[in-house]
Amino acid sequence: MAGVSVPPPVSPASPFDPALAAAGQTYTLATLCGLFVLTVLPFVAALVQGQASEVPRHLAYALGTALLLRSVWRGGVWSWRVTVGLSIVAGLLVFMGGMFAGQVSWQGWVVSAAGLAFIACGLLLVGHPAIRAFLDGRWAARGRA
């Protein structure tokens, strides 16, 4: 057909599209930042309300989350697997907890939305083509190093 261009075939040596991987850098960063914000938001909300009793524990969680997400950004396959697993499991638990609390108070629905956001971030890390292309590029570069 005239006017229809066919994308070049992908060779086995290069399983990902470099242009898609370049676009995926922004999406990956946004998803990882979203996961970090979702993780730290309850701590910040508690601080705003004046509940500073467990600051060291929350700071340790924030630091651990930051290190795990940094490892995903740098191309760690196991850290990516752990991140996806934790975001899906935590999202399901937070969602269910929010649904139970939603029967009593409207804040439960906000918690349920946060659970869905966790699940969405985990699914984006697995299924978004640009994110996967970016991470595949990072994994390939890390494997060659």
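**Figure 1. Five helices and zero strands make up the secondary structure of the protein chain.** Helices (H or I, at least four residues) and strands (E, at least two) are DSSP runs, numbered from the N terminus. Reading along the sequence gives the pattern α-α-α-α-α. This is a predicted model, in which local features need pLDDT of at least 70 and side-chain atom pairs count only at pLDDT 80 or more, while totals for chains, interfaces and linings use all residues. Residues are numbered from 1 along each chain as its sequence is written, and side-chain values use heavy atoms, with hydrogens and water left out. The chain has 145 residues, and 28% of them are buried. Here, buried means under 20% relative accessible area, exposed means over 50%, and partly exposed lies in between (1.4 Å probe, protein chains only). The protein chain exposes about 9,300 Å², with carbon and sulfur atoms supplying 72% of that area. Accessible areas come from the Shrake-Rupley method with a 1.4 Å probe, and for residues only the protein chains shown count as cover. Contacts (heavy atoms within 4.5 Å) tell us about the fold too: among those with a separation of 6 or more, 68% join residues 24 or more positions apart.

**Figure 2. The largest nonpolar core has 15 residues.** A nonpolar core is a set of buried Ala, Val, Leu, Ile, Met, Phe, Trp, Tyr and Cys residues joined through side-chain atoms within 4.5 Å. Look for L32, L35, V72, W80, L125 and L135, which touch the most other members. At least two residues of this core come from each of α1 (18-48), α2 (55-74), α3 (77-102), α4 (107-127) and α5 (129-144). The biggest contribution is from α5, with four residues. As background, nonpolar side chains tend to be buried together in soluble globular proteins.

**Figure 3. What does W80 touch?** Leaving out residues up to four places away in sequence, W80 touches V72, L125, V126, R132, L135 and W139. One of these partners, R132, returns in the salt-bridge view below.

Figure 4. Is T31 buried or exposed? T31 counts as buried because its relative accessible area is 6%, under the 20% limit. Its contacts, not counting residues up to four places away in sequence, are C121, L124, L125 and I131. A21 is buried as well, with a relative accessible area of 11%. How far apart in space are A21 and G137? Although 116 residues separate them in sequence, their C-alpha atoms are 6.9 Å apart.

**Figure 5. Two salt bridges are present in the structure.** A salt bridge is a side-chain nitrogen of Lys or Arg within 4 Å of a carboxyl oxygen of Asp or Glu. One joins R57 to E54, and the closest N and O atoms are 2.4 Å apart. R57 is partly exposed at 37% relative accessible area, and E54 is partly exposed at 39%. In the other, the side chains of R132 and D136 meet at 3.9 Å, N to O. R132 and D136 both lie in helix α5, four residues apart, which is about one turn of the helix. R132 is partly exposed at 24% relative accessibility, and D136 is partly exposed at 25%.

**Figure 6. V37, L41, V44 and V48 form a nonpolar patch on the surface.** Patches are made of residues with over 30% relative accessible area and no salt bridge; like charges are joined within 9 Å, and nonpolar side chains (Val, Leu, Ile, Met, Phe, Trp, Tyr) within 5 Å. Together, these four residues have about 370 Å² of accessible area. V44 belongs to helix α1 and is partly exposed, with a relative accessible area of 40%. Over in helix α2 you can find L63, which is exposed at 54% relative accessible area. L63 and V40 are 23 residues apart in sequence, with their C-alpha atoms 9.8 Å apart in space.

**Figure 7. C33 is partly exposed, whereas C121 is buried.** The relative accessibility is 42% for C33 and 11% for C121. How many disulfides does a search of the whole structure find? The search finds zero, where a disulfide is a pair of cysteine sulfur atoms within 2.5 Å.
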